[in-house]
Amino acid sequence: RSNSMIGMDDLLQRIRIEKLIWFSEWHGIDHWERVRRNGRIIAESNGGDSKVVDYFAYLHDCCRVNEENDPHHGPRAAAFAIENRKSIQLSDCQFHLLCEACRDHTFSIPEKGKMTDPTLAACWDGDRPDLPRVGILPDPDLLFSDLAKNLAEEFSHASNISLGAIL
C-alpha cells in the first residue's frame, strides 16, 4: 500500500475512535463517502485536486459537536487537520488548500466576477449536493462549479442529489 493510503487509514482510524459524529446519519461516514464521490466527479470536471478532495470529505464535518447549528465545526476541522498533519500525505500547498476548504466550507459563497480555486470548488460543491439529506435543496447561486450548478438546477426537484448516481 502507498504511504498516502496508510496515512488516510491512520487518520480515519483516529476519527472513528475519537469522534462520535462518525456514526451520525446526517454528518457521519455515509455523508463523507458521498461528499468524496461528488467532489471527485467535480474535481475531474474542473481540474481540482482529488487528493485534497478525499481528505476534505472525511475531515470537513468530523469535529461537529451536534447535528444542528454548529458554526465553528469547520475551523475545528482545520485545527484537527493541523494536529494530524503527519497522517495527511499532501504537499504544503495542498495542505493549505485542505485547511482553507475545511475552515470555510460552511459560509463560503461565490463572489461575482471572482474565480474560485477549482479544488476549493470541488470540495465545497462535493458537500452541498448532499444537503437534501437534512431537508435543504442546494441553491445553484451558492455553488461554485458549473457542473454542480447545472445539476442543482436540473435536479432541484429530486429528494437527494448524488452526482455519482446522476453521472
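Guide: Ala, Val, Leu, Ile, Met, Phe, Trp, Tyr, Cys and Pro count here as nonpolar, Asp, Glu, Lys and Arg as charged, and the others, Gly among them, as polar. The model is predicted, and local features need pLDDT of at least 70, side-chain atom pairs count only at pLDDT 80 or more, and totals for chains, interfaces and linings use all residues. Residues are numbered from 1 along each chain as its sequence is written, and side-chain values use heavy atoms, with hydrogens and water left out.

A pocket is found on a 1 Å grid over the protein atoms alone: it is an open set of points where a 1.4 Å probe fits, with protein on both sides within 12 Å along at least five of seven lines, and its lining residues have an atom within 4 Å of a point. The volume is the space filled by probe spheres set on the points, which are joined across faces, edges and corners.

The second largest pocket holds about 390 Å³ of space. Its lining has 17 residues, and those closest to the centre are Pro-110, Lys-114, Phe-144, Ser-145 and Lys-149. Two or more lining residues come from each of H2, H6 and H7, where helices are DSSP runs (H or I, at least four residues) numbered from the N terminus. H7 supplies the largest share, 3 residues. By class, the lining has 6 nonpolar, 5 polar and 6 charged residues.

Now the largest pocket. Its volume is about 560 Å³. Of its 25 lining residues, His-105, Thr-106, Asp-127, Leu-131 and Ile-136 are the closest to the centre. That lining divides into 10 nonpolar, 6 polar and 9 charged residues.

The core comes last. A nonpolar core is a set of buried Ala, Val, Leu, Ile, Met, Phe, Trp, Tyr and Cys residues joined through side-chain atoms within 4.5 Å, and buried means under 20% relative accessible area (1.4 Å probe, protein chains only). The largest such core has 41 residues; Ile-15, Trp-32, Tyr-55, Phe-56, Leu-59, Ile-88 and Leu-98 touch the most other members. Helices giving it two or more residues include H2 (29–46), H6 (118–127) and H7 (146–154), while its largest share, 7 residues, comes from H3. Beyond its neighbours within four places in sequence, Trp-32 is in contact (heavy atoms within 4.5 Å) with residues including Ile-15, Ala-57 and Cys-62.

Definitions and conventions
Buried means under 20% relative accessible area, exposed over 50%, partly exposed in between (1.4 Å probe, protein chains only).
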